[in-house]
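How do charged side chains pair up in a folded chain, and where do they sit? Please look at the sequence and the model before reading on.

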Amino acid sequence: MKILLIFFSLLITACSTNVTVVKNDKNDKIVIAHRGASGYLPEHSMAAKAMAHAMDVDYIEQDVVMTKDNQLVVLHDHYLDRVTNVAKVYPDKKRKDGRYYVIDFTLNEINQLEMTEGFNIENGKQIANYPQRFPLWKSSFRVHTFEEEIEIIQGLNKTTGKNIGLYPEIKSPWFHHHEGKDISKKILQVLKSYGYKTKDDLVYLQCFDPNEIKRIHDNLLPELDMEIKLVQLIAETEWKETMIYQDEKFIPYSYDWMFKAGAMQKIAKYADGVGPWKPMLVKDESTKNNLIITNMVKEAHEAGIEVHPYTFRLDSGRIPKYASNFEDMLNIFYYQVDVDGVFTDFPDRAVNFLKGTGLTH
Ligand code: CA
């Protein structure tokens, strides 16, 4: 199919006089389905994963957290309360901060919960994070395990003849360590048991915590006789995405060094790619006539690592003012900024965009 597509692309190019051929050496730009096809179905639901698979993406993302009984489940937060009815089913299991922690529940307990689109509580009412998306509490969705998700992706690869990869994220390893759990080791063991062992296998393992990725690179991978691709996600320090336990207190890990010259060379020593936030590549103050592109992609490519920014969304207010529309935003990032892939909640749009350039992906 790929060869046929290339053939037809060449044929179309050869037969037309006014086709704009996008000049780019690389024809391996990728689309990562962020939490599945999460623009259309509840994030991390099995349905969202199957839909993403049908959209011909290259990779499907799993955020992974650990339960009380050391099972791996696919959820964005290490809390259950943003996407399930946990507060109704287990009202007594909240911690002092009012949150329901995945790590306080067994898999069996989590299996009793209904899952839905993300919501916040405002004035005692549930308000959907994205009002235009799939309605709250409609149909029936459940939290599933990491293994169950690998099995649906591998099963669909078999029945469709495609070869779509995994893009798991280790969520808050600092928190899991503090609770006595080695989530990274468990994720690696599961990946290995399903055949993901080398850099040629279709998996990128991502994490925001540099100390944990270094640990994986230096210790865990050699110990498990594995060598898979690792991605350093980049956050703003103020988001408190990664914390360090110091003097019995958590303090935010400082990402400042990642924005300085030479940072990509340092990351290249332990990772194969970076996952920055979009404004770290194109500054928000950019305009249509004046894109302010940072050096991060250039320096990453010079260091031999890939760049997969997050998150490309169609929802209102999510397209920066320097882009005319979603496809223009993709064009800016894929071909002007020259990223190697994007995380998107609307992966069909990115797949179609790449196909439309005449390049297969
Ligand atoms: Ca993620």
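The model is a predicted one.

Side chains of opposite charge can pair when their charged atoms come close. In this structure there are 23 salt bridges. One of them joins E302 to K298, with 3.4 Å between the closest N and O atoms. Both residues belong to helix α10 (residues 296-302) and are four residues apart, about one turn of the helix. E302 is exposed because its relative accessible area is 54%, and K298 counts as exposed at 52%.

Another salt bridge links D345 and R313, whose closest N and O atoms are 2.7 Å apart. D345 is in the loop between β13 (341-344) and α12 (347-356), while R313 is in the loop between β12 and α11, so the pair ties together parts 32 residues apart in sequence. Both D345 and R313 are buried.

R349 also pairs with E327, at 2.8 Å between the closest N and O atoms. This pair connects helix α12, which holds R349, with helix α11, which holds E327, across 22 residues. R349 is partly exposed at 29% relative accessibility, and E327 is partly exposed at 25%. Elsewhere, R35, E43, D77 and R82 form a network of salt bridges.

T311 lies in the loop between β12 (306-307) and α11 (326-337). Is T311 buried or exposed? Its relative accessible area is 10%, so T311 is buried. Beyond its sequence neighbours within four places, T311 contacts H34, K278, F343 and D345.

K260, in the loop between β10 (249-252) and α9 (263-268), is exposed at 53% relative accessibility.

Terms used
Residues are numbered from 1 along each chain as its sequence is written. This is a predicted model: local features need pLDDT of at least 70, side-chain atom pairs count only at pLDDT 80 or more; totals for chains, interfaces and linings use all residues. Side-chain values use heavy atoms; hydrogens and water are left out. Helices (H or I, at least four residues) and strands (E, at least two) are DSSP runs, numbered from the N terminus. Buried means under 20% relative accessible area, exposed over 50%, partly exposed in between (1.4 Å probe, protein chains only). Contact means heavy atoms within 4.5 Å. A salt bridge is a side-chain nitrogen of Lys or Arg within 4 Å of a carboxyl oxygen of Asp or Glu.
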